[in-house]
Amino acid sequence: MTRSAINTGPGRVLLFLYALFAVAAGARAGVQIATKFDEAPVAYLLSAFAAVVYLVATIGFVRGGHGGRRLALVCLLVELAGVLVVGTLSLVLTSAFPDETVWSQYGRGYGFVPLGLPVLGLLWLRARPEDKPEGESDDTSRRP
Amino acid sequence: MWTPLALAIIVGSVGLGVWCLVSGARGRYLNQPQYSGLLVLAAVVLVQSIVAVVRLVAGDRPSDVATFVGYLLTTALLMPAGVWTARMEPTRWGSVIAGSASLVVAVLTLRCLQVWAR
């Protein structure tokens, strides 16, 4: 394990929370799509999409390295955009969202964790920069 | 759901969650009583889930079954996953993981109770 690993320490807390949200959003969307898809197809599909993003982000955090890092970064950005756009739309166009999604009202139904997670994730990726090529030292990665 | 058991889970998991988070904040990994507490909580949550499934199958169900089942699935998986992840991280962050899992169990159990009562 290199010292710029993103899947240990606080990173393990993040990946646990991401896995939790993947399951929570996935279970909810799965059941809703299976039992009452017609009531609010947009909301349920959005929840399912959010679940996939959380899942892929989890995989990125677990894998780490260059590829995992990039995967996580893309997911975090999609997620941040998603929670901001859907959060705003759910307030402006209430009729388009007859049922809640994970990202409705900036994730209020989930204690605003969906808004905080991508921000924390991006800060974490920044706090642990990738290993520099030979010879360079990088002390910012040595955080407690 | 069985309300007295659900209330016991909520009280117990909040207490245990805060205790674990305090350990994390003080830079410590879980101690044995905390670890045992987490296992007991996981077992009690499992019992509650079984009770809920039995009542669902028996026809005693909330109006919004879909939401309830979604919450129930997540709740049942949460503690085992939390304990497993915390064990892989034997540092202060392991305590943070266990504490967060515990607090989320409290929230999810509360949500399950609310949905069940409706």
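Two residues are in contact here if their C-beta atoms, placed from the backbone, lie within 7 Å. Keep that in mind for the views below, and remember that this is a predicted model.

**View 1. Who sits around Ala25(A).** Skip the neighbours within four places in sequence, and Ala25(A) is left touching Ser47(A), Ala50(A), Ala51(A), Tyr54(A) and Val102(A).

View 2. As background, nonpolar side chains tend to be buried together in soluble globular proteins.

**View 3. Chain A on its own, an α-α-α-α chain.** There are four helices and zero strands to look for. Out of 144 residues in chain A, 42% count as buried. Take the chain A contacts with a separation of 6 or more, and 57% of them link residues 24 or more positions apart.

**View 4. H1(A) crossing H4(A).** Two packed helices are described by the angle between their axes and the distance between the axes. In this pair the axes come within 11 Å and cross at roughly 150°. Angles over 145 degrees count as roughly antiparallel, so H1(A) runs roughly antiparallel to H4(A). The crossing itself is left-handed. Zoom in and you'll find Pro10(A), Gly11(A), Leu14(A) and Leu17(A) of H1(A) meeting Leu117(A), Leu120(A), Gly121(A) and Trp124(A) of H4(A). Sorted by class, the residues of this helix contact are six nonpolar, two polar and no charged.

**View 5. Where chain B touches chain A.** How many residues does each chain put into the contact? Chain B supplies 19 and chain A supplies 17. On the chain B side, H3 and H4 are the elements that give two or more residues. H3(B) has the largest share of that side, with twelve residues. What kinds of residues make up the chain B side? Eleven are nonpolar, seven are polar and one is charged.

Technical notes: Residues are numbered from 1 along each chain as its sequence is written. Chains are lettered from A and ligands numbered from 1 in the order in which they are written. This is a predicted model: local features need pLDDT of at least 70, side-chain atom pairs count only at pLDDT 80 or more; totals for chains, interfaces and linings use all residues. Ala, Val, Leu, Ile, Met, Phe, Trp, Tyr, Cys and Pro count as nonpolar, Asp, Glu, Lys and Arg as charged, and the others, Gly among them, as polar. A residue is buried if 20 or more other C-beta atoms lie within 10 Å of its own, exposed if 12 or fewer, and partly exposed in between; C-beta atoms are placed from the backbone. Axes are lines fitted to C-alpha atoms, for helices over the stretch in contact, and angles run from 0 to 180 degrees between N-to-C directions. Angles under 35 degrees count as roughly parallel, over 145 as roughly antiparallel, 65 to 115 as roughly perpendicular and the rest as oblique. A crossing is left-handed if the near helix is turned anticlockwise from the far one by less than a right angle, and right-handed if clockwise.
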